[in-house]
Every structure is written in C-alpha cells, then in structure tokens.
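Work through the exercises below with the sequence and the model side by side, and try each task before reading its solution.

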Amino acid sequence: MNNNRVLLHILLVITFLSAGLSAMVYMTMGVMLPTVQSYYAANPEVLPEQFTTYMERMMEVPQTYYIGCGILYAVEVLGAALMWNIRPTGFHCYTLARLLLIIMPLLFLGRGFVGIGDIMFALLFIFIYWTLMRQLGAFGKKDGEDTAATDNTAEE
C-alpha cells in the first residue's frame, strides 16, 4: 500500500469519526427539538441558571437547520466511504456537503455564526482530499501516464 493511500485512509478515518458523530448529534437534536422545547417550557427550573441562555438560543434555531445539517454530515460520511475506494463521486459528495455545511449557518443563523477557521479547515481538507485522490488516479489518467499507473485495484 503506498503512502498516499495510507494518508488518505488516516484522514478518512478522522472524517468518519467527526462527520459520523456530528450526523448523529444533529439528527437527534432535530428529531428531539419539539420535545425539548415543550419540556423546557413546562419546566424552566430544570436547568441551572448559567445554562438557560444557551438552551434558549438552541431552541430558537429552526428544526430544519438541525435536520439539514444532520443529512449533510451523513452525505459527508457517504463521500468518505466512497473515497475509501478511490471513487471520484465520493470526493464530489464530500465537497458538496462540506461547502453546504459552511452555507447552512449563513442561511439560518446569520453571518456571526460562520467562523473563518471553519472555512479554512474545510478548504484545507477539500484540497488535501483532491490532491490525494488525483495522485491515486481517481479522476482519470493524467497526460503522459500509462494505464498501469492509474490501476486502483492493483494496489490491494
């Protein structure tokens, strides 16, 4: 197994863990939001005072935001799974989901909820995945290469 493939797999494991966990959290919050809102409205004393502002802000976010983010994180996991097998469709799924996840807070929450660090981190991962997938021949053969150099199945 060559070094590029090993690096790709290490990064994909990180993506599986982070995006998979995020998908579960966002989908759970999206599904449970009406229940949490009604319970908290009936029992506002349940949380300590320092958590009330945070909880009230979370409950003001539309349910579609949480469900939409959960779906996008699941698409990101799907893209990572496809990239594991050096499929270009996986890179495109991952990239589309990652870019839409940057846009989601802008649409639902406002500009103040999008961090430059989030954007830079997303662009960094997209660039690294693109570079590794290109080097592994996922996007077809480059000019001057023979077909043996782009055979993905010969490695494993």
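Rings of Phe, Tyr and Trp (its six-membered ring) form a pair if their centres lie within 6.5 Å, and planes under 30 degrees apart count as stacked, over 60 as edge-to-face and the rest as tilted. This is a predicted model, in which local features need pLDDT of at least 70 and side-chain atom pairs count only at pLDDT 80 or more, while totals for chains, interfaces and linings use all residues. Residues are numbered from 1 along each chain as its sequence is written, and side-chain values use heavy atoms, with hydrogens and water left out.

**Exercise 1.** Count the aromatic pairs, then classify the one between phenylalanine 127 and tryptophan 130.

Solution. The rule gives 11 aromatic pairs. In the pair of phenylalanine 127 and tryptophan 130, the centres are 6.2 Å apart and the planes 35 degrees apart, so by the cut-offs above the pair is tilted. An α-helix has 3.6 residues a turn, so residues three or four places apart point the same way.

**Exercise 2.** Decide whether tryptophan 130 is buried, partly exposed or exposed.

Solution. Buried means under 20% relative accessible area, exposed over 50%, and partly exposed in between (1.4 Å probe, protein chains only). Tryptophan 130 is partly exposed because its relative accessibility is 34%.

**Exercise 3.** Find the buried residues of helix 3 that also belong to the aromatic cluster containing Phe108.

Solution. The cluster consists of Tyr26, Tyr65, Tyr66, Tyr73 and Phe108. The buried residues of helix 3 include Tyr65, Tyr66 and Tyr73.

Conventions
Helix = DSSP H or I, 4+ residues; strand = E, 2+ residues; numbered from the N terminus.
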